[in-house]
Amino acid sequence: MTQPTQPSRSPSPQPPSRPAEPHKLGELLRTPGYLKTLVFCGLIGIPVSLAAFWFLAGIQKLESLVWTDLPHALGHDTPPWWWPLPLLLISGICVGQIVTRFPGAGGHIPASGLHAGGLGAAALPGVVLAAAFSLPLGATLGPEAPLIALGGGLAIALRHLTGTPETPMSTALLGAAGAAAAVATIFGNPLIGAVLLMEVVGVGGPQLFAVMLPALLSSGIGSLVFTGFGRWTGLGTGDLKLKAGPQFPRLDVGDVGWSILIAVALAAGVHLIQYGGRLTAVHVARRPLTLTVLCALAAGVCAAAYALGTGRSPADVASSGQATLGELAGDPHAWGVGALIAVLLCKGAAFSLCLGSLRGGPIFPSLFLGAAAGVLCSPLPGLGIGAGLAAGMAAATVSALRLPVSSVVLVVLVLGSTEMIPVAILSAVVAFVTAELLPPGPPVPPVSRPAQPAAPAPAPAP
């Protein structure tokens, strides 16, 4: 005889549970150790910013002495064509000695990209010296990577002031905070320092980029459509602008179409430069002294060849491009087609050589190469100077850094206007996807770390 089935009881309603992530964040913010580290990260910006200021001021003073004062003292209005050859020879000799003799090998190899500040205090003298013998003497690199290493290293070196234990989390927090404070000084904007370090550290991993790219692309296209309807209908919706910045021509269909093609071409070109830099780094790691000197001298040959062929200053090639970028954007018509093609080829080759041998960062050379390509393409039908600059700089920078949000923010910061944001976003996303789909280059050898003291041998048992 079958037993009667018991009626099933419906589960009683449960109170809504608090989401896990906000709960974890609240617990973290109540932790005394985290709050102490947070306050310290705020205070560490003071000494880091002072150190970054004097570092950049010293680099700029040395560069002015080498490229302006000394040529004038020798009777030259501008540096002669052969000027970068002895300078980069000296640079290669000195950096080669630092790489082989100093702890930390003078910092990260530029071909490996930007890294969060994680070098110890013992590596900081080598970082500063390698940058001082690279950047003012004509390396086609920028100061941002040494600044990140300097800021992160100082923050970690002062860890003992917090009284917190040495853990991977505290090291990452202090390194990122110090690096952000330092790198913000070169851009004159604290926002870009925070955004850049968030992407460099890789918070969220590949999933973050998988979500970020569609959002960036959708917002860029949405902005284009929104702007187009406002232009076609003559209606307005209001905005948050407080004052007018530099005026750029309105975007049109030609700007959008050409920006996609420019992005694909520049992604392939910058990828080729980085591939060459990675190959250079692999070979230099086998014979660092000799090949560092040869690569630096070859970069000087690129600058000398450019000066001979165009009659312009070799500093257009033998520099980070920070100062020359302002000249190019301010008066693009002063550069002929031949000079633009020559600077793209010669600076690209020198950039590739310096990426694998000397010490510095990839941001400013990438910005300059993108700007030069944008100005070169600006006479194309339907493409203006503003859209060409935005598309070129965004595509080249994101291809070199693989940091899409930081690249767009950088371009907006450099242009000083938000009018070209849609083109910058579209170009950055297309270039990022193109660069990621290209075959990666060889892995860059890691730099040597400071030697750790050997543990004392145990006493023999009686």
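Q: Is the crossing of α3 and α4 left-handed or right-handed?
A: The model is a predicted one. In this model, helices α3 and α4 cross with left-handed geometry.

Q: How is the packing of two helices described?
A: In general, one gives the angle between the two axes and the distance between them. Here the axes of α3 (residues 84-101) and α4 (residues 124-134) come within 9 Å and cross at roughly 165°. Angles over 145 degrees count as roughly antiparallel, so α3 is roughly antiparallel to α4.

Q: Which residues make the contact?
A: From α3, the contact involves Ser 91, Cys 94, Val 95 and Ile 98; α4 contributes Gly 126, Leu 129, Ala 130, Phe 133 and Ser 134.

Q: How is a pair of aromatic rings described?
A: A search of the whole structure finds three aromatic pairs. One of them joins Phe 53 and Trp 54 edge-to-face, with 5.1 Å centre to centre and 80° between the planes. Trp 82 and Trp 83 form a tilted pair, at 5.5 Å centre to centre and 50° between the planes.

Q: Which of these tryptophans are buried, and which are exposed?
A: Trp 54 counts as exposed, at 61% relative accessibility. Trp 82 is partly exposed at 34%, whereas Trp 83, at 7%, is buried.

Q: Where does the charged end of Arg 312 sit?
A: That charged end sits over the ring of Trp 335, 3.8 Å from the ring's centre. Lys 347 lies over the face of Phe 368, at 5.1 Å from the ring centre.

Key
Residues numbered from 1 in each chain as written. Predicted model: local features only at pLDDT ≥ 70, side-chain atom pairs only at ≥ 80, totals over all residues. Heavy atoms only, no water. Phe/Tyr/Trp six-rings, centres within 6.5 Å; stacked < 30°, edge-to-face > 60°. Buried < 20%, exposed > 50% of the residue type's maximum accessible area, 1.4 Å probe, protein only. Lys NZ or Arg CZ within 6 Å of the ring centre and 35° of its normal. Axes fitted to C-alpha atoms, helices over the stretch in contact; angles between N-to-C directions. Helix = DSSP H or I, 4+ residues; strand = E, 2+ residues; numbered from the N terminus. Parallel < 35°, antiparallel > 145°, perpendicular 65-115°, else oblique. Left-handed = near helix turned anticlockwise from the far one by under 90°. Contact = heavy atoms within 4.5 Å.
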